[in-house]
Amino acid sequence: MLHNIALILGTTLMYSTPLIYTALGGVISENSGVVNIGLEGMMVVGAFAGAAVGYFTGNPWIAFMAAGIAGGLFGLLHAIACVTFHADQIVSGIAINFLGPGISLFLSRILFDGATMTRSIDLNNKMPRILNSIFPNENILIEKGYEGTRLFFMNFMNLFLGNRYATVYMAFILVFIVWFVLYKTKLGLRIRAVGEHPKAADTLGVNVAKTRYLAVITSGVFSGFGGAAMSLAIVSNFRPTLISGHGFIALAAMIFGKWKPQGALLACLLFGSAQGLTVFLGQFDFNVSSSILSMLPYILTLVILISFVGKSVAPAADGIPYKK
Amino acid sequence: MLNKKVVVLLCIAVLVVAGCSQAKKEAAIKVAMVTDVGGVNDQSFNQSAWEGLQRAEKEIDIKASYLESTQDADYKPNMETLFDAGNELIWGIGFKMADVLSELATMNTEQKYAGIDCFFEAPTPNLVGVLFREQEPSYLVGYIAGKMTKTNKVGFVGGMDFFVIHKFHYGFLAGVKEGNPDCEVLVQYADSFTDAAKGKAIANQMYKNGADIIFHAAGGVGDGVIEAAKEQNKYAIGVDKDQNSLAPDNVITSAMKRVDNAIYNLTKTLVEGTFPGGTNVVYGLKEGGVGIAPTSYKHVSAEILEEVKGLEAKIIAGEIVPPTSSEEWEAMQ
């Protein structure tokens, strides 16, 4: 039973990680007053860039950075459209959601002999599983002579943390960093100020355009990380369907989390754990259709949203272009 | 301001033209296909279909072309574009096109249509449905899994819970039982063809519960299954195409669907004037429409492969009939 709990917790962490990065991207962008529904498209380019660079360089860290840069470039595009040209932010976001997969497929075909799927990355060239050597899998534990409760405990930790990639821990650290920057630094205050009342911020000498550019590009970088957390850790290759709706779930998690990094984290974990529970329940022969069962995460999220979270209020100037 | 608009419009025009450009050459008979959302190089289904058409182009006198769909709503417009281009036969790749195909076939009675993985209740004389006996290769890989498991437990991860996947599911069950009557099979559906993370979570759970070989029939979900096999150093069995390249040390075999052969054969009937309009054609082992992966020898012993050959012969001869649904499976017990 306890091992099942470890499995559910492990699945929760695995599932939530790409969402956490992307939701943080959403938090930063929207706090600065720019709605970013292009998260999905940015995730796709990130996932592709990560998988492709990872395959060619064999270095997961370079690949992870490349994914961030690719996402950041799309963030830049969104910023140019929304901040400089005052375009409708929703429209620009939708355009990015089309452009992201389009460019990824286009490049994939050039780089991989016409294939829309990248070749898979060797296990050793993926993100490292930091705790795997401390909590190895059962066979190795038995070989090492672990028994009884110690074996039980180590096994639990293996299922929970031993198979988790570095991206998981980095996501949690990033939540803290974003929280710190947004609420404890001058820069964070400026970001939130241009999201709440750009005119006032402008009058006080804050460069609204520059701040928003910074926030939107960062949002792209984080979404790129989110995509790479998928293609460099959860699996080891990119295919067109790899990111299907994750960006939108992250967007929802951000709103659900009241536009706050810690809230978004909890929302992502909630969604991930509901998925973990679905997988756990799915192994039993319930005579319940798997289609019904797989609605569980969404229903659970809805129920909790309605009953516990209460009203979430967006930053006042969210979605409104600022014209001097 | 005007300049900006002109530039934007030009960009759009360039993109549209680039997106639509499709070489048009005069040839005896034109045959075209519409891919589903996977695109023509999906390393699976659509690619296999296109390879079949290309082979037909090389070996028999036809001119092949394709249009890709990026969303379900593209199927119909794509078909209409190909209709206007004067194609003799238009292929739809994937079960999702069945409705569009039968609608268009009723409308354009002179135009021939065919659909891969499509079953038509009452096809019009210009329409052919092509189905595969997926249960047959599934039976064979099930046999291999039953023979090779060391824990007497294997797993099956299905995509969505519906009849096409049931053919894989129950064919596999019967094969495992043939290979190893004591072997338990864990079964779970992901209810998705794209959610790789869910596939990985399910596979991790199955491996944890003692399975050492998992067969997936779940598209992109299977990437997660194969990844889990890689991480846990266990075995997996691929689907549709030879998936050994995804994890050369872990994918022991694959249940292949030879869409290319089906497309080639049916296109050939068009040239020969024996197009089986108004029917559903079924491809199995006998017709070379399904099989196990050519790389199987890397992990599966020659002895087992020899036995598989024997089973293949029996299936072709009709001595073994792998089940396609839970009813047929129950009836066998």
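**Exercise 1. Chain A as a whole**

What percentage of the 324 residues in chain A is made up of buried residues? Work out as well how the chain is built and how its extent can be described.

*Solution.* This is a predicted model, in which local features need pLDDT of at least 70 and side-chain atom pairs count only at pLDDT 80 or more, while totals for chains, interfaces and linings use all residues. Residues are numbered from 1 along each chain as its sequence is written, and chains are lettered from A and ligands numbered from 1 in the order in which they are written.

Step 1. A residue is buried if 20 or more other C-beta atoms lie within 10 Å of its own, exposed if 12 or fewer, and partly exposed in between, with C-beta atoms placed from the backbone. By this rule, buried residues make up 53% of the 324 residues in chain A.

Step 2. Helices (H or I, at least four residues) and strands (E, at least two) are DSSP runs, numbered from the N terminus. Chain A has 14 helices and 0 strands.

Step 3. The C-alpha atoms of chain A fill a box of roughly 70 × 50 × 40 Å, taken along the principal axes. The radius of gyration is taken over C-alpha atoms, and the globule rule is 2.2 Å times the number of residues to the power 0.38. With 324 residues, a compact globule would have a radius of gyration near 20 Å, and the 21 Å of chain A agrees with this.

Step 4. Two residues are in contact if their C-beta atoms, placed from the backbone, lie within 7 Å. Of the contacts in chain A with a separation of 6 or more, 79% are accounted for by residues 24 or more positions apart.

**Exercise 2. Where the two chains meet**

Which elements give two or more residues to the side of chain A that touches chain B?

*Solution.* Step 1. In total, 34 residues of chain A are in contact with 29 residues of chain B.

Step 1. The elements that give two or more residues to this side of chain A are α1 (2-31), α4 (89-111), α12 (261-282) and α13 (290-293) of chain A. Among these, α1(A) gives the most, with 5 residues.

Step 2. Ala, Val, Leu, Ile, Met, Phe, Trp, Tyr, Cys and Pro count as nonpolar, Asp, Glu, Lys and Arg as charged, and the others, Gly among them, as polar. The residues of the side of chain A that touches chain B then divide into 13 nonpolar, 19 polar and 2 charged.

**Exercise 3. A parallel sheet in chain B**

In what order do the 6 strands of the open sheet with parallel pairing stand in chain B?

*Solution.* Step 1. Two strands pair if DSSP finds at least two bridges between them. The order is β2-β1-β3-β4-β5-β11 (chain B), and the pairing is parallel. Because β2 (62-67) and β11 (279-283) of chain B each have a single partner strand, one side of each is left without a neighbour in the sheet.

Step 1. Strand β4 (residues 112-116) of chain B is joined by 4 bridges to strand β5 (residues 127-132) of chain B, and in β5(B) the bridge partner of B:G115 is B:G129.

Step 2. B:A114 is found in strand β4 of chain B, and this residue is buried, with 29 other C-beta atoms within 10 Å. The residues touched by B:A114, not counting those up to four places away in sequence, are B:L89, B:W91, B:V128, B:V130 and B:L266. Although B:A114 and B:W91 are 23 residues apart along the chain, their C-alpha atoms are separated by 4.9 Å.
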